Amino acid sequence: MKEEENGAQNRELYALLHISPEASDEEIRKAYRQWAQIYHPDKYQPQEMKEIATENFQRICEAYEILSDETKRQIYDIYGMEGINSGLELGSKLNKAEEIKEELERLRRQKELQKVAAHLRPSGSILANLSLPQFLEGDGIMKGMAMASEVQSQISKHNAVAIGGNLAVNGNAGSGAASVVFRHQMSSVSSIEFMGSVGLRAVLGVQTTRHISVHSTATMGLAMSLRDGSLNLSNTWTRQLSDTAHGNIHLSLGPESSIAVGWQRKGQKNSASGEIKLGTGSFGATAHYIHRFSTKSHGRLGARIGSTALELELGGGRKISEFSTIRMLYSVGIQGIFWKFELHRGGQKLIVPVLLSSHLNPVFATGAFVIPTSLYFVLKRFVVKPFYLKREKQKASENMDKTLGQVREARAAAKKAQQLLQNVANRKRSRQLETGGLVVTRALYGSRTALKNRNQIEEVKDEVASQIIDVTVPLNFLVSDSGQLKLHEGVKKSGIMGFCDPCPGEPKQLYVEYTFGGNNFEVIVDDLDELVIPQESHRT
């Protein structure tokens, strides 16, 4: 995310011309001509309007001058305006030009290395089993431990390899295994994998996958055990049931034959999955449900039942940083009463199950759930939440004090730019109203927190109100004759003509209410996200 933010800082000129960062030279020229016609000073007679037009026309010309020059555009994309205005500009000094070329080459090589690094995808997990009853008996708290690790590498366009291994210790016994998988993409719809492992499970196998339709995938595999020579044939059919759900059937024929039917659904607020499995010597069913209370926290409920398991699990988790999530789960079943702590960071996982009791005592089971849950909510309500709110408010206040003058100037410039867009925006709005096309009725851009109170914006304090700017006029201006509006991905919306950054350093969003075909719609997107309207999914 930080990398995207840094890249977006060097893309404001693209937002100014309303073009994509990948725009061609012809698209840049076309955008320049369109904006130059709007802001050319000769079009305006009143002196005040002429001065506003001159100021914005100079901005348009500067953007075109930089983006239409290949070298300057490269410098801008990497260094931003600081690179253009500093000693990095190309002039008569040959050494400066050579330094720029060397730096560009170095950055290209760095990007290549980053691309290679991106092709190496490590993942791993550490499982530490703790036992409270064992500790109370004086035998130590550690019951067992397991570690697994895998590295995947894209060695060419169509080939990938994955190398992994695992170790496990339980009491005085231990085991381990190492595996390698080679994957080849035979075509756009089919692939084949060859796999082998040594250790506790010495296996050789092959598996092929093919997309048999737009919504269906079939996988067939054959594996042979190197210990006893037994064969196992597996088939899996997966079908997309809807935009958010898919189901699968898995058939396995071998020493332990089984058939399993599963279903998964993942929505914005919740996700669920379930599976029923019938085997020659066992049966089982599992179900999981996750509800997302916010972008950072979620609750989880799961259950397992079968010939060897009977367990109920519930708990929750919270995202503590961009890449890290912690979870605490409580489970009760025939194996005992457990607390489970999890830390997920990137592709790495640390899982610590703690056995509290091997006996299903109802009073103990209730206390093991109620006491830590109550403690969590009390600490969250009276300690953690007030602390974070106070810290966020303090940071926002400090940031606002530092940037207050800058914000006032930016808002004044945005208001002037909107004055020049007003007439054309009104004409476009009238034409769209006549044809039942796209009309933006309300658009607000600014602080994500302040936008949550957008319906009471006139009632809140000026401090909060100043973190939002009304951008209804510039969005109506950007509506095309065909009744569509598109804001490009990866470009900060504060750079769009008629916009400004009303809260520097704060996460920002764009909220839009609009009508189309006599119906009402609304949508809210993050600062760097693409916006394309109208869309049926935005209907209110």
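Predicted model: local features only at pLDDT ≥ 70, side-chain atom pairs only at ≥ 80, totals over all residues.
**Stop 1: helices α3 and α4**

Select residues 25-39, which form helix α3, and then residues 47-67, which form helix α4. The two axes come within 9 Å and cross at roughly 170°. Angles over 145 degrees count as roughly antiparallel, and α3 and α4 are therefore roughly antiparallel to each other.

**Stop 2: the largest nonpolar core**

Next, select Leu 17, Trp 35, Tyr 39, Leu 67, Leu 475, Leu 510 and Val 512, the residues with the most contacts inside the largest nonpolar core. This core has 58 residues. Helix α4 gives the most to it, with eight residues. A second, separate core comprises nine residues, among them Ile 337, Val 354, Ala 365 and Ala 368.

**Stop 3: Leu 475 and Ala 443**

Centre the view on Leu 475. Beyond its neighbours within four places in sequence, Leu 475 is in contact with Val 440, Ala 443, Leu 485, Leu 487, Phe 499, Leu 510 and Val 512. Then select Ala 443, found in strand β18, residues 439-447. Is Ala 443 buried or exposed? At 0% relative accessibility, Ala 443 counts as buried, because the limit for that class is under 20%. Ala 443 and Leu 475 are 32 residues apart in sequence, and their C-alpha atoms are 7.7 Å apart in space. With neighbours within four places in sequence left aside, the contacts of Ala 443 also include Ile 469, Asp 470, Val 471, Thr 472, Tyr 511 and Val 512.

**Stop 4: helix α5**

Select residues 70-79, helix α5, and display its buried residues: Arg 73, Ile 75 and Tyr 76. Seen down the axis of α5, these residues fall within an arc of 160°, so they line one face of the helix. At the start of α5, a side-chain oxygen of Asp 69 reaches to within 3.0 Å of the backbone nitrogen of Thr 71. After the helix comes Gly 80, with a positive phi near 75°.

**Stop 5: Ser 216**

Finally, select Ser 216 in strand β7, residues 216-225. Ser 216 has 9% relative accessibility and counts as buried. Which residue's side chain is joined to that of Ser 216 by a polar contact of 2.7 Å? The partner is Arg 239. Apart from neighbours within four places in sequence, Ser 216 is in contact with Arg 210, His 211, Thr 238 and Arg 239.

Definitions and conventions:
Residues numbered from 1 in each chain as written. Heavy atoms only, no water. Buried < 20%, exposed > 50% of the residue type's maximum accessible area, 1.4 Å probe, protein only. Helix = DSSP H or I, 4+ residues; strand = E, 2+ residues; numbered from the N terminus. Arc of directions from axis to C-beta. Polar contact = N/O pair within 3.5 Å; in protein donor to acceptor, adjacent residues only side chain to side chain. Core = buried A, V, L, I, M, F, W, Y, C linked by side-chain atoms within 4.5 Å. Contact = heavy atoms within 4.5 Å. Axes fitted to C-alpha atoms, helices over the stretch in contact; angles between N-to-C directions. Parallel < 35°, antiparallel > 145°, perpendicular 65-115°, else oblique.
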